[in-house]
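Reader: Hi! Could you walk me through this model while I have it open?
Author: Happy to, just ask away.

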Amino acid sequence: MNVAYEVHFYDSIRVFGRVKSFAEARPVIVGEFGLIPNEYNGISMSMVDCSNLIDKAEEIGIAWVAWSMSSDDPPNMLKEDGGFTVYGNMIKCKLANNKI
């Protein structure tokens with residue numbers, strides 16, 4: 001059986017240290033995060049927060065999954081016309097730089 005701990009980061013990365021120590025002994029994936037520039041349902045996350053989270057996760061070998069390909073609710077990587085949002089372009093660049 002394969003089991004991984006998934007964590008959602010939606011209010012900055014201030015708890016990343018706890019996740020890092022947890023990941024030293026267990027498989028962890030950052031399973032959901034994204035750009036929420038204005039408070040939405042009590043949370044917010046900047047582009048800097050998103051970029052820093054990806055960099056820190058990759059630095060210590062934690063996998064990440066950006067959220068979401070929807071154009072309906074933040075954080076969304078797509079515009080209604082099907083193009084990428086600023087956040088979507090940042091994720092695309094991060095993936096291209098890692099040559100995944």
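Reader: Which residue is the bridge partner of Ile-29 in E5?
Author: In E5, Ile-29 has Ala-63 as its bridge partner. The model is a predicted one, where local features need pLDDT of at least 70, side-chain atom pairs count only at pLDDT 80 or more, and totals for chains, interfaces and linings use all residues. Residues are numbered from 1 along each chain as its sequence is written, and side-chain values use heavy atoms, with hydrogens and water left out.

Reader: And what is the bridge partner of Val-30 in E5?
Author: That is Trp-64. Two bridges join E2 to E5, and these strands run parallel. Helices (H or I, at least four residues) and strands (E, at least two) are DSSP runs numbered from the N terminus, and two strands pair if DSSP finds at least two bridges between them.

Reader: How many bridges link E1 and E2?
Author: Five, again in the parallel sense.

Reader: How many residues of E2 are buried?
Author: Five of its six, so E2 is mostly covered, where buried means under 20% relative accessible area, exposed over 50% and partly exposed in between, with a 1.4 Å probe and protein chains only.

Reader: Is Glu-32 buried or exposed?
Author: Glu-32, which is found in E2, is buried, with a relative accessible area of 14%. Leaving out residues up to four places away in sequence, Glu-32 touches Glu-6, Val-7, His-8, Phe-9, Tyr-10, Val-65 and Trp-67; contact here means heavy atoms within 4.5 Å.

Reader: Switching to helices: how far does H2 reach?
Author: H2 covers residues 47-59, and its 13 residues reach 18 Å from first C-alpha to last, close to the expected 18 Å. The expected span is 1.5 Å times one less than the number of residues.

Reader: Which residues of H2 are buried, then?
Author: Asp-49, Cys-50, Ser-51, Leu-53, Ile-54 and Ala-57. Their cover includes E1, H1, E2, E4, E5 and H3.

Reader: What sits just after H2?
Author: Gly-61, with a positive phi of about 80°. At the start of H2, a side-chain oxygen of Ser-46 comes to within 3.3 Å of the backbone nitrogen of Val-48.

Reader: Which residues of H3 are buried?
Author: Tyr-87, Gly-88, Met-90, Ile-91 and Lys-94. These cover an arc of only 160° around the axis, which puts them on the same side of H3; the arc is that of the directions from the helix axis to the C-beta atoms. The buried residues pack against E2, H2 and E5, while the face turned away from the buried side carries the exposed Val-86 and Asn-97.

Reader: Last one: which residues touch the most other members of the largest nonpolar core?
Author: Phe-9, Val-30, Phe-33, Trp-64, Tyr-87 and Ile-91, out of 20 residues in that core. The largest share, four residues, comes from H2. A nonpolar core is a set of buried Ala, Val, Leu, Ile, Met, Phe, Trp, Tyr and Cys residues joined through side-chain atoms within 4.5 Å.

Technical notes
Polar contact = N/O pair within 3.5 Å; in protein donor to acceptor, adjacent residues only side chain to side chain.
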